[in-house]
Amino acid sequence: MVNLAKRSALISISALSIFISGCNLMGGAPKAESEQTVVSDLDFNQIMAQMQRNDEQEQYADTTQFNPNKHHKSLVNYVEQMALDLTDTMQVAPQDAAIAVTSFVDLDASLNTASQLGNQLSETFIHQLQKFGYSAVDFKTANLITVNNQGDFTFTRDTRKLAGTNIASHVLSGTLIYRADGVVINARVINIENKRLAASSRTFIPLYVLNKEDIYLSSN
């Protein structure tokens with residue numbers, strides 16, 4: 001009887017232990033799951049907050065000095081596209097237009113400031129007009145060739161040596177607007193007689209393209 005009682009007591013204690021353990025497991029699991037859920041929610045919120053901060057930083061980042069490591073763009077590419085735009089919008093036939101190309105100037109109060117870029121644009125446009133079938137007038141050609149010890153010269157900016165004024169029917173020129181990351185170019189062809197616009201084009205040349213060709217933006 002004693003052994004039977006001991007056995008019954010052991011069984012009761014074991015059953016009670018199992019019951020208590022089961023209660024602990026049943027009561028503890030939701031708590032652990034709740035803590036894990038809180039931690040997971042906290043991590044998710046932190047991740048979302050960090051992503052939002054990253055988006056804001058990218059949105060307000062200074063991208064004005066974008067400079068690709070490798071590119072094949074040149075000033076000629078941009079002038080060629082502008083010349084194509086001009087010829088597409090030209091309101092005069094090629095045989096009826098003799099176009100003089102002048103320096104592109106800074107868009108300032110005087111409209112009389114030329115830079116290396118402005119002069120280089122005008123020189124490049126002369127070739128591009130010829131490519132598209134328009135007659136370009138080089139008004140800087142003197143009436144006589146000047147010969148001296150330094151060489152033989154046909155170009156001049158001395159107005160006394162230039163040809164007459166009635167050598168061109170139209171003029172191609174434009175303005176330069178400087179930005180932090182490049183230059184906005186506005187080009188137009190104007191009828192000299194009535195000042196009417198015959199064609200126009202606009203483009204943006206990035207600073208990294210100009211830097212690649214060692215084009216200085218300061219005025220001469």
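**Confidence.** I'm working from a predicted model, so I checked pLDDT before anything else. The mean for the protein chain is 76, and 65% of its residues reach 70 or more. Residues 2-7 fall below 50, and beyond near neighbours in sequence I find zero contacts for that stretch. Residues 59-64 are also below 50, with two contacts beyond near neighbours.

**Layout.** I count four helices and eight strands in the protein chain. Read from the N terminus, the order is α-α-β-β-α-β-β-β-β-β-β-α. Of the contacts with a separation of 6 or more, 63% join residues 24 or more positions apart. Buried residues are 28% of the 220 in the chain.

**Core.** Which residues have the most contacts inside the largest nonpolar core? I get L117, F125, L172 and I185, in a core of 31 residues. At least two residues each come from α2 (75-89), β1 (98-101), α3, β6 (170-179), β7 (182-191), β8 (197-206) and α4 (207-212). Helix α2 gives the largest share, six residues. As background, nonpolar side chains in soluble globular proteins tend to be buried together.

**Q128.** I looked this one up next, in helix α3 (residues 116-131). Is Q128 buried or exposed? Its relative accessible area is 1%, and buried means under 20%, so Q128 counts as buried. Neighbours within four places in sequence aside, Q128 contacts V76, V79, E80 and A83.

**V137.** This residue sits in strand β3, residues 135-137. V137 has a relative accessible area of 15%, so it also passes the under 20% cut-off for buried. What does V137 touch, leaving out neighbours within four places in sequence? My list reads A98, I99, A100, V101, I167 and A168.

**Surface.** The protein chain exposes about 15200 Å², and carbon and sulfur atoms supply 55% of that. I noted one nonpolar patch on the surface, formed by I47, M48 and M51, with about 290 Å² of accessible area together. I47 belongs to helix α1, which runs over residues 2-59.

Definitions and conventions: Residues numbered from 1 in each chain as written. Predicted model: local features only at pLDDT ≥ 70, side-chain atom pairs only at ≥ 80, totals over all residues. Heavy atoms only, no water. Patch = residues over 30% accessible without salt bridge, like charges linked within 9 Å, V, L, I, M, F, W, Y side chains within 5 Å. Areas by Shrake-Rupley, 256 points an atom, 1.4 Å probe, with all protein chains shown as cover. Salt bridge = Lys/Arg side-chain N within 4 Å of Asp/Glu carboxyl O. Buried < 20%, exposed > 50% of the residue type's maximum accessible area, 1.4 Å probe, protein only. Contact = heavy atoms within 4.5 Å. Core = buried A, V, L, I, M, F, W, Y, C linked by side-chain atoms within 4.5 Å. pLDDT = per-residue confidence, 0-100.
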